[in-house]
Amino acid sequence: MTGPAWDLLIRDARLATLVPGAATGVPARGALAVRDGLIAWIGPDAALPAGATAALELDAEGRLLTPGLIDCHTHLVHAGHRAAEFEQRVEGASYEEIALRGGGIRATVAATRAADQAALLRASRPRLEALLRDGVTTVEVKSGYGLDRDTELKQLRVARRLGELLPVTVRTSFLGAHAVPAEFEGRADAYLDFVLAEVLPAVAAAGLADAVDAYCEPIAFSPAQVERLFQAAARLSLPVKLHAEQRSDQGGAALAARHRALSADHLEHLSPSGVAALAASPTVAVLLPGAYLHLREMRPPPVAALRAAGVPMAVATDCNPGTSPLASLTTAMNLACTLFGLTPAEALAGATRVAARALGLPDRGQLMVGLRADLALWNADHPAELSARLGPSSLATRFVAGRPDHAPTR
Ligand code: DI6
Ligand code: FE
């Protein structure tokens with residue numbers, strides 16, 4: 001009798017399925033099979049169908065298997081670094097002071113404009129490779145360090161190119177409304193007119209953005225300006241998301257919720273009415289504890305209120321040179337627990353199932369028959385180990401659409 005013919009069979013793994021309602025603690029041992037890049041079968045080893053064959057079989061020896069991690073908020077495509085600014089901040093200068101002096105985002109804009117596409121790719125690739133070594137199989141990458149048409153396009157092309165060169169899904173967000181560039185100093189509305197007339201249409205025509213993002217802060221863009229951008233995104237049928245309530249309460253989360261945004265990100269200064277607005281919307285809260293740590297913030301996002309209201313919480317690195325030079329999603333998970341009070345189970349859901357939702361990707365983020373076989377096998381047996389450790393990564397290997405990166409290491 002012939003059984004199913006699979007491409008990959010992983011036996012004797014501890015399957016952290018991340019399916020809502022699944023038991024917590026050390027997961028039961030079981031097997032997972034893949035066919036044509038999708039999860040084809042999950043169950044106890046003893047229940048494997050008779051006669052099943054697989055092109056590649058792997059004994060996980062009781063190790064933890066999770067969905068591949070999803071980093072749903074990064075600015076990893078950029079040139080240069082901001083170490084001198086870090087020195088100034090350690091000596092007491094604030095992020096806003098440095099930005100007002102022409103440093104901050106504008107410093108990275110100058111470096112990113114100056115780099116040609118090959119140099120930008122060379123500078124960015126190691127950051128993505130670091131994320132992959134830590135179990136990431138899907139990553140979001142934003143523009144926003146160009147702030148002119150050609151450099152925004154260049155950043156997004158480099159992001160797309162990285163997704164062709166490396167085994168990872170790259171989702172891009174257009175963040176032209178990240179800061180007002182020097183040449184538009186004091187003329188944020190004029191800059192936004194330019195973005196809406198010349199940059200966003202070019203980005204959309206080239207198919208380079210999967211979503212549109214903005215930075216809603218007094219040092220960047222007002223809610224009224226973000227509203228204009230979101231209306232333009234809607235006309236292009238592009239989903240939106242927003243950097244909201246990072247440094248002050250602008251009502252950004254409520255604005256994002258009103259536009260049924262994919263996510264509202266940061267949220268340290270989120271008000272009770274902002275929590276309620278998110279709870280009444282499909283919008284996910286994205287927590288970015290790397291930026292909170294690096295800026296030595298004192299006010300964490302209202303995690304207990306978000307949890308009580310049932311708002312799904314994702315966790316991401318915010319990988320960027322100014323406020324979160326972090327290229328490890330498991331470290332972000334640790335920080336979400338230690339600094340924000342997430343449980344390790346919430347942090348893992350935040351870097352898998354909820355992060356998939358934050359990117360509008362219902363085809364991944366859980367171990368479930370029919371979903372993409374993006375997997376991470378760990379030298380660990382308890383899911384909390386992923387959040388408990390502060391590096392080095394305990395990843396054994398990743399599988400992207402069922403294809404292993406390399407033989408699993410111990
Ligand atoms: N919030 C952040 O934390 C980053 N961007 C944003 O809108 C910081 C970007 C930078 O300082 O380069
Ligand atoms: Fe960010």
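Tyr292 is buried, and Phe340 is buried too; buried means under 20% relative accessible area, exposed over 50%, and partly exposed in between (1.4 Å probe, protein chains only). This is a predicted model, where local features need pLDDT of at least 70, side-chain atom pairs count only at pLDDT 80 or more, and totals for chains, interfaces and linings use all residues. Residues are numbered from 1 along each chain as its sequence is written, chains are lettered from A and ligands numbered from 1 in the order in which they are written, and side-chain values use heavy atoms, without hydrogens and water.

**Aromatic pairs**

- The whole structure holds 6 aromatic pairs. Rings of Phe, Tyr and Trp (its six-membered ring) pair if their centres lie within 6.5 Å; planes under 30 degrees apart count as stacked, over 60 as edge-to-face and the rest as tilted.
- Tyr191 and Phe194 form a tilted pair, because their ring centres are 6.1 Å apart and their planes meet at 40°.
- Tyr191 and Phe194 lie 3 residues apart in helix 6 (residues 188–205), so about one helical turn separates them. Helices (H or I, at least four residues) and strands (E, at least two) are DSSP runs, numbered from the N terminus.
- Tyr191 and Phe194 are both buried.
- Tyr292 and Phe340 have ring centres 5.0 Å apart and planes at 80°, so this pair is edge-to-face.
- The pair links distant parts of the chain: Tyr292 sits in helix 10 (residues 289–294) and Phe340 in helix 12 (residues 329–340), 48 residues apart.
- One aromatic cluster is formed by Phe184, Tyr191, Phe194 and Phe221.

**Helix 6**

- Helix 6 has 18 residues and spans 24 Å from its first C-alpha to its last, close to the expected 26 Å. The expected span is 1.5 Å times one less than the number of residues.
- A kink of about 40° is centred on Val195. The bend at a residue is the angle between axes fitted to the seven residues ending there and the seven starting there.
- Buried residues of helix 6 include Leu192, Val195 and Val199.
- The buried residues of helix 6 pack against helix 5 (149–165), strand 8 (169–177), strand 9 (211–214) and helix 7 (223–235); contact means heavy atoms within 4.5 Å.

**Iron site**

- His73 (NE2), His75 (NE2), His243 (NE2) and Asp318 (OD) coordinate the iron ion (ligand 2) at 2.1 to 2.3 Å. Donors are N, O and S atoms within 2.8 Å of the metal (3.2 Å for Na, K and Ca); water is not among the atoms, so sites may look incomplete.
- His73 counts as buried, at 0% relative accessibility.
- His75 is buried, at 2% relative accessible area.
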